[in-house]
Amino acid sequence: MNEQITADQLNERGHLLIGGCDAIELAHEYQTPLVVYDVSQIRQQIRAFKRVFEENDVSYAVSYASKAFAAVAMYQVVNQEGAHIDVVSGGEMYTAIQAGFPMERASFHGNNKSYDELVMAVKNHVGVIVVDNFHEIDLLSQVLNELGARTKVMIRITPGISAHTNKYIQTGQVDSKFGFDLASGQADEALQRVLANSRMDLIGLHAHIGSQIFEVAGFEGVANKLVKVADHWQKKFGYQAKVINVGGGFGIRYVKDDQPLRPEQFVDAIIKAIKKAVKPTNLGKPAIWIEPGRSIVGPAGYNLYTVGSRKDLPGLKSYVTVDGGMGDNIRPALYQAKYETVLASDPQAPLTEHVRLAGKYCESGDILCQDQALPKTKPGDILAMLDTGAYGYSMASNYNRNPRPAVVFAENGHSQVVIKRESFADLTHLDQPYE
């Protein structure tokens, strides 16, 4: 039995429900591979984050880190819930604009923003640009001068805190491509350059220590470090930060060995740490911003696959192959991410074997799970991989010239395609004949 599937996620036929919709019926209606989101779960997590701030009586912004999953429909849901977004590219920014998202509630991140992206951000009145390096300060200054515009900015620092997470997703330690270093004086110099520019309105400072973090200590550490920096900036340069942005990275459960706190528990600890740290200072009550992505969409997402071929080898785990793989979820191949998978027609069926769940892509490394406990399966069965809502579709590719899957939103028993399945024609529409 799978502990992640509760009784209320099953219908009278014993099938998995996603947003009140039968997963088997979704697979048949929209075909597989298919990405499905339970929209009510997204809403509930955003509301839980907002509630913890309101209970602590602090000004705040819950800014959805849209690199986890960006789509017009996703930005619409975030807007309906009154949250902010952060974008990290012109493409994410454009998608949010197409969704009608109020861009004054958007933050623009990135360690190598282009001239054109900064022009786009300024022209579309993006709420705050998080400056990451000296080149960007100069480039943004050029853009603002050319457009005769002003913008709000934050300064991103590297706080020198390494969270307990995969080395590829650590972003807060000193040796990082992101942000201004503290010890070398880079952050102080960045502050002075921004304050000297009348077209930049510095509202605060930002840090992000990594992703899929399970321990509160790292977040409490970065909260204290940011307050310390803000206090230093006030005493030495007379600058008072209005916003302290601690980023995101709150861990979620993927497999039974994962035992994270609820995401809002991390935030409660952050708020209390900042409140305590500012008491002996003259910083007042700065607003606290967070940037959750994975914790908002990860648990709400499911990948549905159809079982195809099987390979049995004496003395070895069998390979059970599905009609998707690294093209729609590269995380297992990229950094050995783990997921749990259930039989959609009977998620609580007795588990009878351990198999390797393989994808269809022409790579020996295209294994979605090296050791998946399943009931006996047959070709045509529908499998549901759980908690795939973050960084699955957003990192999807057309490797082997396979179309990317459709994305469906399910809520209150209603389902709707929000990203169409790519066709073979879509794969060649940018190709040009060589003459």
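Student: Which side chain meets R193 in a salt bridge, and what is the N to O distance?

Tutor: That would be D138: its side chain and that of R193 meet in a salt bridge, at 3.9 Å from N to O. Keep in mind that this is a predicted model. R193 belongs to helix α7 (residues 186-195) and D138 to helix α6 (residues 134-147), so the bridge ties together parts that are 55 residues apart in sequence. As for solvent, R193 has a relative accessible area of 31% and is therefore partly exposed; D138, with 46%, is partly exposed too.

Now for the other charged pairs. A search of the whole structure turns up 17 salt bridges. One of them joins E25 and R13, whose closest N and O atoms are 3.5 Å apart. E25 counts as partly exposed because its relative accessibility is 47%, while R13 reaches 52%, so R13 counts as exposed. D381 and K378 make another bridge, at 3.0 Å from N to O. Here D381 is at 11% relative accessibility, so D381 counts as buried.

There's also a network of salt bridges, which links R43, R47, E81 and E411. R43 takes us to helix α2 (residues 39-55), where R43 is one of the buried residues, along with others including V39, I42, I46, F49 and F53. The geometry of α2 checks out: 17 residues at 1.5 Å a residue should span 24 Å, and the end C-alpha atoms are 24 Å apart, so the two agree. After α2 comes D57, with a positive phi near 55 degrees. Helix α3 (residues 72-80) has buried residues as well, namely A73, M74, Y75, V77 and V78, and it is followed by G82, whose phi is positive, near 70 degrees.

Leaving aside neighbours within four places in sequence, F69 is in contact with residues including Y37, M74, V297, Y393 and F409.

On the aromatic side, the count comes to 14 pairs. Take F219 and F266: their ring centres are 5.4 Å apart and their planes stand at 65 degrees, so the pair is edge-to-face. It links distant parts of the chain, F219 in helix α8 (residues 216-237) and F266 in helix α9 (residues 263-278), 47 residues apart. Both of these phenylalanines are buried. Y361 and Y399 are arranged in another way: with centres 6.4 Å apart and planes at 10 degrees, the pair is stacked, because planes under 30 degrees apart count as stacked. Y361 sits in the loop between β16 (353-358) and β17 (367-374), and Y399 in the loop between β18 (382-386) and β19 (406-411), 38 residues apart. Y361 is at 8% relative accessibility and so counts as buried, whereas Y399, at 34%, counts as partly exposed. Finally, a charge meets a ring where K113 lies over the face of F108, 5.5 Å from the ring centre.

How values were computed
Residues are numbered from 1 along each chain as its sequence is written. This is a predicted model: local features need pLDDT of at least 70, side-chain atom pairs count only at pLDDT 80 or more; totals for chains, interfaces and linings use all residues. Side-chain values use heavy atoms; hydrogens and water are left out. Rings of Phe, Tyr and Trp (its six-membered ring) pair if their centres lie within 6.5 Å; planes under 30 degrees apart count as stacked, over 60 as edge-to-face and the rest as tilted. Helices (H or I, at least four residues) and strands (E, at least two) are DSSP runs, numbered from the N terminus. Buried means under 20% relative accessible area, exposed over 50%, partly exposed in between (1.4 Å probe, protein chains only). A charge sits over a ring if NZ of Lys or CZ of Arg is within 6 Å of the ring centre and within 35 degrees of the ring normal. Contact means heavy atoms within 4.5 Å. The expected span of a helix is 1.5 Å times one less than its number of residues. A salt bridge is a side-chain nitrogen of Lys or Arg within 4 Å of a carboxyl oxygen of Asp or Glu.
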